[in-house]
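Please look through the structure below with the following numbered remarks at hand.

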Amino acid sequence: AERQRSSQPSDDAGEEESPADVLYLKDWHFVRACRALSVPIPYSAPDYLAGTLHDWLNLYLDAEQLEDDYRFCYVGVAGTFTPLHHDVMFSHSWSASICGRKHWVLFPPACTQFLLNSRGEAIEDASPSRRPAD
């Protein structure tokens, strides 16, 4: 798993916490960790998300008995986020919030040109409140 440091506003007098104080656990292979420890996996994807249309990448990796997978778990406190991205190999993923809220910003394909930097890579943050004015 990758632990990323993330700054967020604190509740005291508008001061920001040090980035060292706030961690965001990213890309934790939770299912793989459970299997390695012989611990039952505490969830399963709903049938309509676990089929070949939606989870083709993990089904392939399981069938080939490869050690890698793309079943990630993310854990973060308020204010942490994942930068603008597409899922690995344009696969699909599903998300479930166990506690708290998750804010998603979705863009139609017609906006793609506005979401890339000069190198053709996705800009890091495209949330409406953080974009420069037109």
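1. Glu124 lies in the segment after β3 (73-76), where strands are DSSP runs of E with at least two residues, helices are DSSP runs of H or I with at least four residues, and both are numbered from the N terminus. Glu124 is exposed, at a relative accessible area of 56%; here buried means under 20% relative accessible area, exposed over 50%, and partly exposed in between, with a 1.4 Å probe and protein chains only. Once neighbours within four places in sequence are left aside, Glu124 touches Phe81, Pro83 and Leu84, a contact being heavy atoms within 4.5 Å. Between the C-alpha atoms of Glu124 and His85 the distance is 8.0 Å, although the two are 39 residues apart in sequence.

2. A word on the origin of these values: this is a predicted model, in which local features need pLDDT of at least 70 and side-chain atom pairs count only at pLDDT 80 or more, while totals for chains, interfaces and linings use all residues. Residues are numbered from 1 along each chain as its sequence is written, and side-chain values use heavy atoms, with hydrogens and water left out.

3. The chain as a whole contains three helices and three strands, arranged along the sequence as β-β-α-α-α-β. It has 134 residues, of which 17% count as buried.

4. Which residues of helix α3 (residues 56-63) are buried? They are Leu57, Asn58 and Leu61, and they lie on the same side of α3 because they cover an arc of only 95° around the axis, the arc being that of the directions from the helix axis to the C-beta atoms. After α3 comes Gln65, with a positive phi near 55°.

5. Four aromatic pairs are found in the whole structure, where rings of Phe, Tyr and Trp (its six-membered ring) pair if their centres lie within 6.5 Å, and planes under 30 degrees apart count as stacked, over 60 as edge-to-face and the rest as tilted. One of them joins Trp28 and Phe30, edge-to-face because the planes stand at 75°, with the centres 4.9 Å apart. Another, Phe30 with Tyr43, is stacked, since the planes are at 15° and the centres 6.3 Å apart; this pair links Phe30 in helix α1 to Tyr43 in the loop between α1 and α2, 13 residues apart. Trp28, Phe30 and Tyr43 form one aromatic cluster, in which Trp28 is partly exposed at 29% relative accessibility and Tyr43 is partly exposed at 35%.
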